[in-house]
Amino acid sequence: MRCAGAVGRAIAPRRFSFRQKSGPGSTSWPAPHPAEQRAASHPAKQRAAAIAKLRRKGDWQGALSILFGGPQDLVLFTSAANVCAKASTWRTAVALLEKLQITSQPDVIFWSSLGDAYSSVGKWQHALWALLQEPQAARLDLTAVSYASALTACERVSLWEKVLHLLETAEARNLVNAFSYSSAIVACGSAKRWQCALELWEAMTNRGPAPNVVAMNATLTALQRGRRWFLALQLLDAVDAAGTVAGDAVTAAALATAESWEWGLLYLLRATEKGMRLGPSAFSSVARQMGHQGAWQQAKKLLALLRKYPATVKFEVWCSVLWAMDVSGVPLPLDGLGTSIYRGGRK
């Protein structure tokens, strides 16, 4: 185990059930919308797709109307539970579980949806019960998604030691993915454990799944909070050299989360010296950081790094520099600051 710590116990939730009448603690049925009534009359596959579309809005009432507007199966129940997780209506998700168990056995995907519903409201012990304990009791094969969701549930409540314990278990079972490491790195970064975050990043790049944007940004944030600027720069250099993640967008996102504009400026200077061709988003991110921290004079100096860039790039960065001056309460000297750049960018 990477770091020792107490391991919490997963607990089973109280039972909830649907009630036809409204009242305290009851789950009442909403009046179906005409569009939902039409969807309910379609075959199961189309109804599942209709429920899935409601997930973005978290329309759990609409999902239930479609679910119980016709014959039900496991796929439909799972789709509805996903919507409940998005809407953080965990009691409704539990009621769906009880309704489903009357006719069939939940699979590991349904249990994951229920665990996500618990996780969305910080009930991490209930989430672990649904994601890991109950599926194993039912002799279901856990997946990498099961463990990734369990890691996220613990990360959301800052249980970084529990996260590391779960990650170790998942690694031993070869059930890890990029999101597993991302959640662990975020948890360590939030706990100001930059050493653990960096160790996880190295494990991810050396023997784990391909790193993603979330993991890289979380590792950079952990190093920044620990004021390990040199290590953060080394990490960005290694990422740029390996090309493991998308270039300018990722770099810009990392620079935007920096706690100090000095760190971002240092990276831009190093990148320029190495002849790296950064996009305008990276420069704009640093300019905005300078604006937030009142360093508008430094923001103006960024334009000097863009001599070999086309006018369109200069214009975008110039706009960010003006924004930095504006939020700092400085008059905007359009005639003195980059007028030619402005005109060039407009062509």
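This is a predicted model: local features need pLDDT of at least 70, side-chain atom pairs count only at pLDDT 80 or more; totals for chains, interfaces and linings use all residues.
User: What is the mean pLDDT of the chain?

Analyst: pLDDT is the predictor's confidence in each residue, from 0 to 100. Here the chain has a mean of 80, and 78% of its residues reach 70 or more. Over residues 34–41 the value is below 50, and this stretch has 13 contacts beyond near neighbours in sequence. Residues 341–347 also stay under 50, with 10 contacts beyond four places in sequence.

User: How many aromatic pairs are there, and how do I read one?

Analyst: Ring planes over 60 degrees apart count as edge-to-face. The structure holds five aromatic pairs. In one of them, F68 and F77 have ring centres 6.0 Å apart and planes at 85°, so this pair is edge-to-face. F68 is partly exposed at 25% relative accessible area, while F77 is buried at 3%.

User: What about W111 and W129?

Analyst: Their planes lie at 90° with centres 5.6 Å apart, so they too are edge-to-face. This pair links distant parts of the chain, joining W111 in helix α6 to W129 in helix α7, 18 residues apart. W111 is buried at 1% relative accessible area, and W129 is buried at 8%.

User: Which ring does the charged end of K123 sit over?

Analyst: That ring belongs to W90, and the charged end of K123 is 4.8 Å from its centre. Likewise, the charged end of R288 sits over the ring of W323, 4.7 Å from its centre.

Definitions and conventions: Residues are numbered from 1 along each chain as its sequence is written. Side-chain values use heavy atoms; hydrogens and water are left out. Contact means heavy atoms within 4.5 Å. Rings of Phe, Tyr and Trp (its six-membered ring) pair if their centres lie within 6.5 Å; planes under 30 degrees apart count as stacked, over 60 as edge-to-face and the rest as tilted. Buried means under 20% relative accessible area, exposed over 50%, partly exposed in between (1.4 Å probe, protein chains only). Helices (H or I, at least four residues) and strands (E, at least two) are DSSP runs, numbered from the N terminus. A charge sits over a ring if NZ of Lys or CZ of Arg is within 6 Å of the ring centre and within 35 degrees of the ring normal.
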